[in-house]
Amino acid sequence: MILSNRRETVIRNLEKRPAQKLGRHLLVLMLAGMIMTGLAACRTGASDAPPAGFVHVTEAVPDAILEIRYHSTYNFVGDRIDGYEKPTALLTVEAAKALKAVSDDVRKQGYRLKIYDAYRPQRAVNHFMRWAKQVGDVRMKPYFYPALDKSVLFPQGYIAEKSGHSRGSTVDLTLFDMAKGKEVDMGGTFDWFGKESHPSWCGNPETKQYTGKYPGNTPPSGGQINAVQFRNRMLLRDAMLRHGFKPLAEEWWHFTLAKEPYPNTYFDHPVK
């Protein structure tokens, strides 16, 4: 408001001055306005800059597709998760560099990387813990854990007090088929709680052999995946392993940089 009043005063003074001086004063005003706009933009940009040691994924991997589930309500909680202030993804510089190599690799094969989650602040993990204790809140059960009672999610390790994501070098992702214009069929959705999400489901990740078998006599809620879906999971897995990431035995979409720079630090800065 103060700046606005000053501007009006300057304009009124200019109207009283000779015409030959008007052009110069208008130029000064325009330059001042441009400087103020630039400073405001710098302040805004600086507030969104990642902390030291981190980078926005799209800066390192410009062709990555982002679908940040925890910034939306389409996740196993059903609400936007604490700490996800913007629908973007952060990683440590080292992890982002390795992910760029993965992206270049799969792009030659006709794919792009689609990111669901990367760095996850501790406050988001705390949100998951609070939700897990609210056993009556099962809004998203049909979509992410239909065969499980919510009370077992924490004891069985689906929800934990600490997450490797908070160390900044873990990413959840899938492949996007550029020719077909859609995600590759992995035979299951991101964040599905169940054995069907295991990379070893219906096959052997070490030999890449599809078996079509699953343990037990009762078919799981997610069912059997076919040979193509298993191979698709292995395609993503192999590319990630080639460039320095290690897999998780329970989730086909989850990978952590093997030589992560902060193996014992759990960060809490927001995602923005």
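**Note on the predicted model**

1. In this predicted model, T256 touches S169, T170, G244, F245 and K246, leaving aside residues up to four places away in sequence, where a contact means heavy atoms within 4.5 Å. T256 lies in strand β10, residues 251–257, and it counts as buried because its relative accessibility is 7%; buried means under 20% relative accessible area, exposed over 50% and partly exposed in between, with a 1.4 Å probe and protein chains only. Helices (H or I, at least four residues) and strands (E, at least two) are DSSP runs numbered from the N terminus.

2. On the basis of the values: residues are numbered from 1 along each chain as its sequence is written, and side-chain values use heavy atoms, with hydrogens and water left out. As the model is predicted, local features need pLDDT of at least 70 and side-chain atom pairs count only at pLDDT 80 or more, while totals for chains, interfaces and linings use all residues.

3. The mean pLDDT (the predictor's confidence in each residue, from 0 to 100) is 87, and 81% of the residues reach 70 or more. Over residues 1–11, however, pLDDT stays under 50, and the model has 3 contacts for them beyond four places in sequence. Residues 34–44 also have pLDDT below 50, with 1 contact beyond near neighbours in sequence. Where pLDDT is low, the predicted coordinates should not be read in detail.

4. The protein has 7 helices and 10 strands, and buried residues make up 42% of its 272 residues. Of the contacts with a separation of 6 or more, 74% are between residues 24 or more positions apart.

5. The structure holds 16 salt bridges, each a side-chain nitrogen of Lys or Arg within 4 Å of a carboxyl oxygen of Asp or Glu. D79 pairs with R139 in one of these, with the closest N and O atoms 2.8 Å apart; D79 sits in the loop between β2 (65–66) and β3 (90–92) and R139 in the loop between α5 (122–133) and α6 (141–144), 60 residues apart. D82 and R130 form a salt bridge at 2.7 Å, N to O, linking the loop between β2 and β3 to helix α5 across 48 residues.
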